[in-house]
Amino acid sequence: MVSHKIGYLGFGSYTPSRVLTNADLEKVVDTSDDWIQRRTGVRTRRIMGQDETVLGMALKAAERALKDASVLPGEILDIRVAVNTWMRFPSLATQVQKELGIESCSASDVSAGCAGFVYAVEDAHNKILAERALYGRELTSLIVGVDGLSLVTNWKDRNTCVLLGDGAGAVVMGVSKSSEILSIHTEADGKYGHLLYSDDVLGQQGKSSDPFEFSPSETTARPYLHMDGKKIFPVAVRTMTRNIKEVLRKHNNMHPNKKIDLPEIDYVYPHQANVRIIRAVADALEIPIEKVYTEGIAKYGNTSAASIPIGYDETRARTEDRLIVDVAFGAGFASGAILRRA
Ligand code: ACO
(Lines give C-alpha, C1' and ligand atoms only; values in the text may rest on other atoms or scores of the structure.)
Protein backbone atom coordinates (compact mmCIF):
# COMPACT_ATOMS: atom_id res chain seq x y z
CA MET A 1 0.00 0.00 0.00
CA VAL A 2 1.31 3.47 -0.89
CA SER A 3 1.99 5.60 2.18
CA HIS A 4 0.61 9.14 2.33
CA LYS A 5 2.32 9.94 5.61
CA ILE A 6 4.67 12.91 5.62
CA GLY A 7 7.47 12.69 8.11
CA TYR A 8 11.19 12.84 8.75
CA LEU A 9 13.36 10.63 6.57
CA GLY A 10 16.69 11.41 8.22
CA PHE A 11 18.61 14.01 10.17
CA GLY A 12 22.09 15.32 10.85
CA SER A 13 23.87 18.05 12.75
CA TYR A 14 27.14 19.91 12.97
CA THR A 15 28.75 21.84 15.80
CA PRO A 16 32.17 23.49 15.63
CA SER A 17 35.02 21.73 17.40
CA ARG A 18 36.16 24.86 19.27
CA VAL A 19 34.87 24.58 22.85
CA LEU A 20 34.37 27.65 25.04
CA THR A 21 34.07 26.70 28.72
CA ASN A 22 32.63 28.63 31.62
CA ALA A 23 36.19 28.94 32.94
CA ASP A 24 37.14 30.68 29.66
CA LEU A 25 34.30 33.17 30.17
CA GLU A 26 35.37 33.86 33.77
CA LYS A 27 38.44 35.48 32.19
CA VAL A 28 36.44 37.98 30.07
CA VAL A 29 33.39 38.93 32.17
CA ASP A 30 32.51 39.08 35.86
CA THR A 31 30.92 35.63 36.16
CA SER A 32 31.55 32.16 37.58
CA ASP A 33 31.16 28.59 36.48
CA ASP A 34 28.92 28.04 39.51
CA TRP A 35 26.56 30.95 38.58
CA ILE A 36 26.32 29.91 34.92
CA GLN A 37 25.60 26.26 35.70
CA ARG A 38 23.11 27.03 38.49
CA ARG A 39 21.17 29.78 36.66
CA THR A 40 21.32 28.44 33.08
CA GLY A 41 22.58 24.83 32.95
CA VAL A 42 25.29 25.74 30.40
CA ARG A 43 28.70 24.08 30.86
CA THR A 44 30.27 24.60 27.44
CA ARG A 45 29.34 26.06 24.07
CA ARG A 46 30.85 25.62 20.59
CA ILE A 47 32.15 28.64 18.73
CA MET A 48 32.99 28.84 15.01
CA GLY A 49 36.71 28.86 14.24
CA GLN A 50 38.39 31.23 11.76
CA ASP A 51 37.62 28.97 8.82
CA GLU A 52 34.01 28.23 9.80
CA THR A 53 30.87 30.03 8.64
CA VAL A 54 27.11 29.84 9.10
CA LEU A 55 26.88 28.50 5.53
CA GLY A 56 29.57 25.90 6.23
CA MET A 57 27.74 24.65 9.34
CA ALA A 58 24.40 24.54 7.49
CA LEU A 59 25.98 22.60 4.66
CA LYS A 60 27.61 19.98 6.88
CA ALA A 61 24.36 19.36 8.77
CA ALA A 62 22.44 19.17 5.47
CA GLU A 63 24.90 16.68 3.93
CA ARG A 64 24.67 14.47 7.02
CA ALA A 65 20.86 14.57 6.96
CA LEU A 66 20.76 13.65 3.26
CA LYS A 67 23.12 10.74 3.85
CA ASP A 68 21.08 9.56 6.84
CA ALA A 69 17.90 9.70 4.73
CA SER A 70 19.58 8.02 1.73
CA VAL A 71 18.31 10.91 -0.39
CA LEU A 72 20.44 12.46 -3.14
CA PRO A 73 20.68 16.28 -3.33
CA GLY A 74 19.03 16.17 -6.75
CA GLU A 75 15.88 14.65 -5.20
CA ILE A 76 15.34 17.74 -3.00
CA LEU A 77 12.68 20.08 -4.42
CA ASP A 78 12.38 22.54 -1.53
CA ILE A 79 14.89 23.97 0.96
CA ARG A 80 13.94 25.93 4.09
CA VAL A 81 16.66 27.37 6.28
CA ALA A 82 15.73 28.76 9.70
CA VAL A 83 18.41 31.30 10.59
CA ASN A 84 18.76 34.59 12.50
CA THR A 85 22.42 35.30 11.81
CA TRP A 86 22.53 35.53 7.99
CA MET A 87 21.92 39.25 7.65
CA ARG A 88 22.38 39.64 3.91
CA PHE A 89 21.14 38.44 0.54
CA PRO A 90 20.97 36.17 -1.40
CA SER A 91 19.32 33.91 1.12
CA LEU A 92 21.28 31.22 2.94
CA ALA A 93 18.89 28.59 1.54
CA THR A 94 19.89 29.44 -2.03
CA GLN A 95 23.58 29.17 -1.08
CA VAL A 96 22.98 25.76 0.51
CA GLN A 97 21.25 24.78 -2.74
CA LYS A 98 24.26 25.96 -4.78
CA GLU A 99 26.81 24.18 -2.58
CA LEU A 100 24.81 20.95 -2.69
CA GLY A 101 24.86 21.19 -6.49
CA ILE A 102 21.07 21.22 -6.81
CA GLU A 103 20.19 22.59 -10.24
CA SER A 104 16.65 23.69 -9.50
CA CYS A 105 14.44 23.72 -6.43
CA SER A 106 12.60 26.31 -4.35
CA ALA A 107 14.66 27.75 -1.51
CA SER A 108 14.02 30.39 1.16
CA ASP A 109 15.06 31.46 4.64
CA VAL A 110 12.74 31.55 7.64
CA SER A 111 13.21 34.19 10.33
CA ALA A 112 11.37 33.41 13.58
CA GLY A 113 14.01 33.66 16.32
CA CYS A 114 14.67 30.48 18.24
CA ALA A 115 11.33 29.11 16.99
CA GLY A 116 12.55 29.29 13.37
CA PHE A 117 13.05 25.57 12.98
CA VAL A 118 9.43 24.81 13.97
CA TYR A 119 8.21 27.49 11.54
CA ALA A 120 10.43 26.05 8.78
CA VAL A 121 9.04 22.55 9.34
CA GLU A 122 5.52 23.99 9.21
CA ASP A 123 6.26 25.83 5.93
CA ALA A 124 7.85 22.77 4.33
CA HIS A 125 5.01 20.50 5.51
CA ASN A 126 2.37 22.90 4.16
CA LYS A 127 4.16 23.08 0.81
CA ILE A 128 4.34 19.30 0.55
CA LEU A 129 0.59 19.07 1.28
CA ALA A 130 -0.23 21.87 -1.18
CA GLU A 131 1.88 20.39 -4.01
CA ARG A 132 0.19 17.03 -3.49
CA ALA A 133 -3.32 18.49 -3.39
CA LEU A 134 -2.93 21.01 -6.22
CA TYR A 135 -0.46 19.37 -8.62
CA GLY A 136 -0.34 15.70 -7.66
CA ARG A 137 3.41 16.01 -7.02
CA GLU A 138 5.26 14.52 -4.03
CA LEU A 139 8.05 16.77 -2.72
CA THR A 140 11.05 15.89 -0.62
CA SER A 141 12.26 18.84 1.46
CA LEU A 142 15.45 19.74 3.24
CA ILE A 143 15.00 21.80 6.41
CA VAL A 144 17.98 23.33 8.18
CA GLY A 145 18.12 25.16 11.52
CA VAL A 146 21.41 27.03 11.89
CA ASP A 147 22.80 29.95 13.85
CA GLY A 148 26.17 31.48 14.54
CA LEU A 149 25.17 33.45 17.62
CA SER A 150 28.83 34.14 18.41
CA LEU A 151 28.66 36.63 15.50
CA VAL A 152 26.08 38.75 17.36
CA THR A 153 27.36 38.20 20.89
CA ASN A 154 28.68 41.15 22.84
CA TRP A 155 31.47 39.43 24.76
CA LYS A 156 31.38 42.23 27.35
CA ASP A 157 27.74 41.57 28.27
CA ARG A 158 27.61 38.87 30.93
CA ASN A 159 23.80 38.75 30.73
CA THR A 160 23.96 37.18 27.28
CA CYS A 161 27.47 35.97 26.39
CA VAL A 162 27.35 33.03 28.80
CA LEU A 163 24.21 31.65 27.14
CA LEU A 164 24.96 31.51 23.42
CA GLY A 165 26.68 29.10 21.03
CA ASP A 166 26.97 28.10 17.35
CA GLY A 167 25.65 25.04 15.53
CA ALA A 168 23.39 23.54 12.86
CA GLY A 169 20.89 20.72 12.51
CA ALA A 170 18.94 19.46 9.50
CA VAL A 171 16.15 17.07 8.58
CA VAL A 172 14.93 15.61 5.30
CA MET A 173 11.14 15.43 5.11
CA GLY A 174 8.92 13.61 2.66
CA VAL A 175 6.69 10.59 2.13
CA SER A 176 7.45 8.10 4.90
CA LYS A 177 6.23 4.63 5.89
CA SER A 178 6.52 5.19 9.65
CA SER A 179 7.42 8.76 10.61
CA GLU A 180 4.55 11.28 10.49
CA ILE A 181 3.86 14.91 11.30
CA LEU A 182 0.54 14.82 13.19
CA SER A 183 -0.05 18.51 13.92
CA ILE A 184 1.81 21.81 14.07
CA HIS A 185 1.01 25.01 15.91
CA THR A 186 2.80 28.37 15.62
CA GLU A 187 2.13 31.80 17.09
CA ALA A 188 3.89 35.13 17.73
CA ASP A 189 3.52 38.18 19.94
CA GLY A 190 5.44 41.12 18.53
CA LYS A 191 4.66 43.43 21.42
CA TYR A 192 7.54 41.78 23.29
CA GLY A 193 10.02 42.70 20.54
CA HIS A 194 11.90 45.12 22.81
CA LEU A 195 12.83 42.34 25.29
CA LEU A 196 14.96 40.36 22.82
CA TYR A 197 16.37 41.99 19.72
CA SER A 198 19.51 42.68 17.72
CA ASP A 199 20.86 46.11 16.81
CA ASP A 200 19.41 47.74 13.75
CA VAL A 201 22.60 48.11 11.71
CA LEU A 202 20.85 49.53 8.64
CA GLY A 203 19.26 52.32 10.67
CA GLN A 204 15.70 51.43 9.66
CA GLN A 205 14.20 52.71 12.87
CA GLY A 206 15.79 56.14 12.78
CA LYS A 207 15.94 56.46 8.98
CA SER A 208 16.64 59.92 7.66
CA SER A 209 14.30 61.44 5.09
CA ASP A 210 17.40 62.38 3.05
CA PRO A 211 18.06 59.38 0.74
CA PHE A 212 21.70 60.45 0.25
CA GLU A 213 22.60 60.65 3.94
CA PHE A 214 25.01 57.86 4.70
CA SER A 215 26.78 56.94 7.90
CA PRO A 216 29.68 54.48 7.41
CA SER A 217 29.67 53.59 11.12
CA GLU A 218 26.11 52.31 10.82
CA THR A 219 27.08 49.85 8.12
CA THR A 220 30.08 48.39 9.90
CA ALA A 221 28.56 47.92 13.37
CA ARG A 222 27.75 44.43 14.60
CA PRO A 223 24.08 43.69 15.27
CA TYR A 224 24.55 42.68 18.89
CA LEU A 225 21.90 40.62 20.62
CA HIS A 226 20.19 42.28 23.61
CA MET A 227 17.96 40.45 26.05
CA ASP A 228 16.01 41.17 29.22
CA GLY A 229 16.21 37.59 30.47
CA LYS A 230 14.35 38.14 33.71
CA LYS A 231 11.23 39.49 31.96
CA ILE A 232 11.40 36.83 29.25
CA PHE A 233 11.66 33.87 31.60
CA PRO A 234 8.01 33.63 32.84
CA VAL A 235 6.62 34.37 29.37
CA ALA A 236 8.83 31.63 27.89
CA VAL A 237 7.51 29.08 30.41
CA ARG A 238 3.85 30.06 29.89
CA THR A 239 4.16 30.19 26.10
CA MET A 240 5.93 26.86 25.67
CA THR A 241 3.45 25.20 28.02
CA ARG A 242 0.53 26.63 26.02
CA ASN A 243 2.08 25.57 22.70
CA ILE A 244 2.34 21.94 23.83
CA LYS A 245 -1.30 21.92 24.91
CA GLU A 246 -2.36 23.64 21.70
CA VAL A 247 -0.60 21.23 19.31
CA LEU A 248 -2.31 18.30 21.07
CA ARG A 249 -5.68 20.09 21.05
CA LYS A 250 -5.39 20.75 17.30
CA HIS A 251 -4.65 17.10 16.61
CA ASN A 252 -7.41 15.83 18.89
CA ASN A 253 -10.01 18.18 17.38
CA MET A 254 -9.30 16.71 13.94
CA HIS A 255 -9.05 13.10 15.14
CA PRO A 256 -11.56 12.59 17.97
CA ASN A 257 -11.22 8.80 17.64
CA LYS A 258 -7.41 8.84 17.82
CA LYS A 259 -6.91 11.32 20.63
CA ILE A 260 -3.42 11.68 22.10
CA ASP A 261 -3.08 12.83 25.68
CA LEU A 262 0.04 14.24 27.31
CA PRO A 263 0.96 11.09 29.29
CA GLU A 264 1.20 9.22 25.96
CA ILE A 265 3.98 11.51 24.73
CA ASP A 266 7.25 9.57 24.87
CA TYR A 267 9.71 12.41 24.43
CA VAL A 268 9.87 16.22 24.24
CA TYR A 269 12.47 18.34 22.41
CA PRO A 270 12.26 21.85 23.83
CA HIS A 271 14.35 24.74 22.52
CA GLN A 272 17.47 24.86 24.69
CA ALA A 273 17.53 28.37 26.20
CA ASN A 274 17.87 27.63 29.90
CA VAL A 275 17.54 24.35 31.80
CA ARG A 276 15.38 26.09 34.41
CA ILE A 277 12.87 27.11 31.72
CA ILE A 278 12.77 23.53 30.42
CA ARG A 279 12.24 22.13 33.93
CA ALA A 280 9.50 24.68 34.67
CA VAL A 281 7.62 23.67 31.48
CA ALA A 282 7.99 19.97 32.34
CA ASP A 283 6.75 20.64 35.90
CA ALA A 284 3.77 22.70 34.68
CA LEU A 285 2.67 19.79 32.46
CA GLU A 286 3.74 17.04 34.88
CA ILE A 287 6.08 15.55 32.27
CA PRO A 288 8.88 13.50 33.92
CA ILE A 289 12.17 15.23 33.15
CA GLU A 290 13.65 11.91 31.89
CA LYS A 291 11.29 12.30 28.92
CA VAL A 292 12.71 15.72 28.05
CA TYR A 293 15.84 16.59 26.09
CA THR A 294 18.08 18.80 28.26
CA GLU A 295 21.64 17.82 27.32
CA GLY A 296 21.90 20.40 24.52
CA ILE A 297 21.90 23.40 26.83
CA ALA A 298 24.73 21.95 28.94
CA LYS A 299 26.89 21.02 25.96
CA TYR A 300 26.14 23.64 23.31
CA GLY A 301 24.39 26.52 25.11
CA ASN A 302 21.57 28.26 23.25
CA THR A 303 22.10 27.62 19.52
CA SER A 304 18.79 29.29 18.58
CA ALA A 305 17.25 27.82 15.39
CA ALA A 306 19.63 24.84 15.59
CA SER A 307 18.92 23.57 19.10
CA ILE A 308 16.01 21.22 18.30
CA PRO A 309 17.49 19.46 15.23
CA ILE A 310 20.85 19.12 17.02
CA GLY A 311 18.86 17.33 19.75
CA TYR A 312 17.32 14.92 17.22
CA ASP A 313 20.74 13.86 16.03
CA GLU A 314 22.19 13.49 19.52
CA THR A 315 19.38 11.32 20.88
CA ARG A 316 18.10 9.41 17.86
CA ALA A 317 18.11 6.04 19.64
CA ARG A 318 15.69 7.36 22.26
CA THR A 319 12.97 8.37 19.87
CA GLU A 320 12.54 5.76 17.15
CA ASP A 321 8.83 4.94 16.56
CA ARG A 322 7.88 7.20 19.46
CA LEU A 323 5.36 9.98 19.94
CA ILE A 324 7.28 13.23 20.09
CA VAL A 325 6.55 16.89 20.81
CA ASP A 326 8.98 19.61 19.73
CA VAL A 327 8.47 23.04 21.29
CA ALA A 328 10.28 26.34 20.75
CA PHE A 329 10.17 29.94 21.89
CA GLY A 330 12.26 32.98 20.97
CA ALA A 331 12.57 36.55 19.71
CA GLY A 332 9.41 38.32 18.48
CA PHE A 333 8.08 36.02 20.91
CA ALA A 334 7.56 33.65 18.01
CA SER A 335 6.85 30.16 19.29
CA GLY A 336 5.56 26.82 18.09
CA ALA A 337 5.18 23.10 18.61
CA ILE A 338 5.15 19.96 16.47
CA LEU A 339 3.39 16.71 17.35
CA ARG A 340 4.85 13.82 15.39
CA ARG A 341 5.53 10.13 15.29
CA ALA A 342 9.30 9.68 14.95
N1 ACO B 1 27.31 35.86 35.93
C2 ACO B 1 27.11 36.28 37.16
N3 ACO B 1 26.08 37.05 37.51
C4 ACO B 1 25.21 37.39 36.52
C5 ACO B 1 25.38 36.99 35.19
C6 ACO B 1 26.49 36.18 34.90
N7 ACO B 1 26.75 35.73 33.68
N8 ACO B 1 24.37 37.48 34.46
C9 ACO B 1 23.59 38.16 35.29
N10 ACO B 1 24.11 38.12 36.55
C11 ACO B 1 23.60 38.74 37.77
C12 ACO B 1 22.66 39.88 37.47
O13 ACO B 1 23.41 41.08 37.26
C14 ACO B 1 21.88 39.95 38.76
O15 ACO B 1 22.62 40.61 39.74
P16 ACO B 1 21.88 41.60 40.79
O17 ACO B 1 20.92 40.72 41.54
O18 ACO B 1 23.01 42.10 41.58
O19 ACO B 1 21.20 42.62 39.94
C20 ACO B 1 21.78 38.48 39.19
O21 ACO B 1 22.84 37.80 38.48
C22 ACO B 1 20.48 37.82 38.81
O23 ACO B 1 20.18 38.20 37.49
P24 ACO B 1 18.86 37.74 36.81
O25 ACO B 1 18.72 38.41 35.48
O26 ACO B 1 17.74 37.85 37.79
O27 ACO B 1 19.20 36.21 36.59
P28 ACO B 1 18.23 35.08 36.20
O29 ACO B 1 18.19 34.09 37.23
O30 ACO B 1 16.92 35.60 35.66
O31 ACO B 1 18.99 34.43 34.96
C32 ACO B 1 18.93 34.40 32.56
C33 ACO B 1 19.29 35.21 33.81
C34 ACO B 1 19.83 33.20 32.54
C35 ACO B 1 19.19 35.27 31.34
C36 ACO B 1 17.45 33.96 32.63
O37 ACO B 1 16.64 35.05 33.02
C38 ACO B 1 16.93 33.40 31.33
O39 ACO B 1 17.34 32.35 30.88
N40 ACO B 1 15.95 34.08 30.70
C41 ACO B 1 15.26 33.63 29.51
C42 ACO B 1 16.13 33.57 28.29
C43 ACO B 1 15.31 33.13 27.09
O44 ACO B 1 14.52 32.21 27.14
N45 ACO B 1 15.43 33.83 25.96
C46 ACO B 1 14.61 33.50 24.81
C47 ACO B 1 15.24 32.57 23.91
S48 ACO B 1 16.87 33.06 23.52
C49 ACO B 1 16.92 33.58 21.88
O50 ACO B 1 15.93 33.72 21.25
C51 ACO B 1 18.27 33.89 21.33
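Guide: What follows is a short talk about the sheet and the helices around it.

Guide: This is a predicted model, in which local features need pLDDT of at least 70 and side-chain atom pairs count only at pLDDT 80 or more, while totals for chains, interfaces and linings use all residues. Residues are numbered from 1 along each chain as its sequence is written, and side-chain values use heavy atoms, with hydrogens and water left out.

Visitor: OK, in what order do the strands of the sheet come?

Guide: The 5 strands form an open sheet in the order 1-7-6-4-5, with mixed pairing; strands (E, at least two residues) and helices (H or I, at least four) are DSSP runs numbered from the N terminus, and two strands pair if DSSP finds at least two bridges between them. Strand 1 (6-14) and strand 5 (106-110) are the edge strands, each pairing on one side only.

Visitor: And in which sense do strand 4 and strand 5 pair?

Guide: Strand 4, residues 78-82, pairs with strand 5 in the parallel sense over 5 bridges, and Ala-82 stands opposite Val-110 in strand 5.

Visitor: Which strands does helix 4 touch?

Guide: Helix 4 (residues 92-100) packs on the sheet and touches strand 4, strand 5 and strand 6 (141-148), where contact means heavy atoms within 4.5 Å. The direction of helix 4 makes about 135° with that of strand 5; axes are lines fitted to C-alpha atoms, for helices over the stretch in contact, and angles run from 0 to 180 degrees between N-to-C directions.

Visitor: Switching topic: at what angle do helix 3 and helix 4 pack?

Guide: Helix 3 (residues 54-69) packs against helix 4 at about 60°, with the axes 10 Å apart.

Visitor: Why are they called oblique?

Guide: Helix 3 and helix 4 are oblique to each other because angles under 35 degrees count as roughly parallel, over 145 as roughly antiparallel, 65 to 115 as roughly perpendicular and the rest as oblique.

Visitor: Which residues meet there?

Guide: Among them are Leu-55, Leu-59 and Leu-66 in helix 3, and Leu-92 and Val-96 in helix 4.

Visitor: What about helix 8 and helix 9, how do they pack?

Guide: Helix 8 (residues 229-254) and helix 9 (residues 275-284) pack at about 45°, with their axes 9 Å apart, which makes helix 8 oblique to helix 9. The contact includes Phe-233 and Met-240 of helix 8 and Ile-277 and Val-281 of helix 9.
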